[in-house]
Amino acid sequence: MKLHVGLIGTGGWAQVHLSALQESPYVERVTLCGRNAARLVELAATSSKVVATVPELDQLCNDPSIEVIDIVLPHDLHAPTALAALAAGKHVICEKPAGLSLAQFDEVAAAAERAGRRWLVVMNQLYNPRFEALQARVADGLVGRPFLLVENAYSNHTRWYHDPQSWRTRLSRAGGGVLIDGGYHMVYKHLELLRPFGLPRWVQGDAAQLNLTSSGAELADRGEDFVQFVVGYDGPLRIGASHSWSMPATAGRPWEGFLAGSQGVLDISAGIDGPVVLRSNAGEEAIPLPPILSQPRPDSMRLCLADYLAAMAEDRPPRWGGVAAARATLAVVLAVYESARTGVRIPLTP
Ligand SMILES: NC(=O)c1ccc[n+]([C@@H]2O[C@H](COP(=O)([O-])OP(=O)(O)OC[C@H]3O[C@@H](n4cnc5c(N)ncnc54)[C@H](OP(=O)(O)O)[C@@H]3O)[C@@H](O)[C@H]2O)c1
C-alpha cells in the first residue's frame, strides 16, 4: 500500500517529519499545508515526494486521494486539527501532546474509534534502538525489582519565554512549559521502562517559574521553567524527576539519572546516548547497547514515523506509542500541573 500523506505545519520539526516521509517506502506522495507560502516552497524543495502545497487544512481534508494527515502544529491546534481530519475519514499522525486536556484527548480518541481510523501520537524517543534494548534488558530483570527511577535534566531555553512570536511557552497555546514540551519525552520513557513492574497510581508535583525575570516576578501566560515530581506506583516503586529550561549556563551536571533495583543500580548519568553501567555487589558492568544514533532526536523520529507508516500500510499496531501510552503520558503531565496548583497528591486512574 502506497500512501498519500498531507503534512500540516512548516516549522522546524515539520522538516524532520518530511524527511521521514521522504524515506518511507510506504509513502508515495506528500501534500504540504501551511500558512507561510515562502516556507512551503522552501520545504517542498527538499522532498521529491511533494506533489502540491496548499494553505488550508480543508484542502487536505477534501482531497480524497489523501489517506493520512500528519499534524506538526502548536499544541492547541492538535485536537481540533485531528478531529477535522478524522471527520474527513483520514488516518492521523499527530505530534505530542495531542491535546491540552484529557477531555480533549478522549474526544479525539473516541472520534478515531468511531471513524475506524488510526490516531498515532508521536513518541519518537521510544524508537531509539538503545532505549528499546535497555527496556528489554530491564524487563528481563537486569536490575532485579526496580524501586527508584531518577532523572533530572537542566538546560537553557529561556529565549522561548521572552520571544513574543513563540507559542512554545505560552500556557494558552502550549498547555504548560518545560514538562509538556521536552519533559513529555521523559515521562513516556519512564512509563514504558517501568511498565512490566506495575501501574502508576499517583503524582505529587511542583511546577514554577524560577528564572524568567530578574526580580523573580511571574510572567503572565507563561508555562513553568522548572518542574519536579514523584510518580508513585503500587508497592515500593517511585519515579523522582525534575526538569528545567532556564539555566543561565550549562550546569556542572546538566543531566543525571539512574534506575535502582533490588539487584543493582543502572547508572544512566550520561543519558541513554552515553555509556550505561550496572553497579552491584558483584562490581561494575558496562551494558552493551546498539550504536548511538548520529542525531538521536531526528533519527529516532525517522524510525518512529517509519514504523507508524508501516503499521498503517500493513494493518498492524505500531511497536510503540499506542493511544493508551499517549493518554497515560498526558495524564501524568496534567497531574503534575494539578498537584502544583493544589498542593495535593493527585491519583491516576488506569
Ligand atoms: N517529537 C519531538 O521530538 C519534537 C521535537 C520538536 C517539536 N515537536 C512538536 O512538534 C510540533 C511543532 O513544533 P515545531 O518545533 O515545528 O514548532 P514551530 O517551528 O513553531 O512550527 C509551528 C508550525 O505551526 C504553524 N502555526 C502556528 N500557529 C498556527 C495557526 N494558528 N494556524 C496555522 N498554523 C499555525 C506555524 O506557521 P508559521 O510559521 O506561519 O507561524 C509553523 O508552521 C509541536 O507539537 C512540538 O511539541 C516534537
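Me: Is G321 buried or exposed, and why?
Reply: In this predicted model, G321 sits in the loop between α10 and α11 (323-342). Residues under 20% relative accessible area count as buried. Because its relative accessibility is 5%, G321 is classed as buried.

Me: Which residues is G321 in contact with, leaving aside its neighbours within four places in sequence?
Reply: The loop position of G321 is between α10 and α11 (323-342). With neighbours within four places in sequence left aside, the contacts of G321 are V121, M123, L126 and Y308.

Me: What separates the C-alpha atoms of G321 and N281?
Reply: Along the chain, G321 and N281 are 40 residues apart.

Me: How many residues does each domain give to the contact between domain 1 and domain 2?
Reply: The protein chain is divided into domain 1 (3-121) and domain 2 (126-293 + 328-347). The C-alpha centres of domain 1 and domain 2 lie 28 Å apart. To their contact, domain 1 gives twelve residues and domain 2 gives twelve residues.

Me: From which domains does the shell around the ligand draw at least three residues?
Reply: The ligand is surrounded by 22 residues, of which T10, H75, K96, N124 and W167 are the closest. By class, this shell holds seven nonpolar, nine polar and six charged residues. At least three shell residues come from each of domain 1 (3-121) and domain 2 (126-293 + 328-347).

Me: Which elements are included in what covers the buried residues of α1?
Reply: Helix α1 spans residues 12-23, and its buried residues include A14, V16, H17, L18, A20 and L21. The cover over the buried residues of α1 includes β1 (3-8), β2 (27-33), α2 (37-44), β3 (50-54), β4 (68-71) and α10 (296-313).

Definitions and conventions. Residues are numbered from 1 along each chain as its sequence is written. This is a predicted model: local features need pLDDT of at least 70, side-chain atom pairs count only at pLDDT 80 or more; totals for chains, interfaces and linings use all residues. Side-chain values use heavy atoms; hydrogens and water are left out. A residue is near a molecule or strand if one of its heavy atoms lies within 4 Å of it. Ala, Val, Leu, Ile, Met, Phe, Trp, Tyr, Cys and Pro count as nonpolar, Asp, Glu, Lys and Arg as charged, and the others, Gly among them, as polar. Domain bounds come from an automatic or database domain assignment. Buried means under 20% relative accessible area, exposed over 50%, partly exposed in between (1.4 Å probe, protein chains only). Helices (H or I, at least four residues) and strands (E, at least two) are DSSP runs, numbered from the N terminus. Contact means heavy atoms within 4.5 Å.
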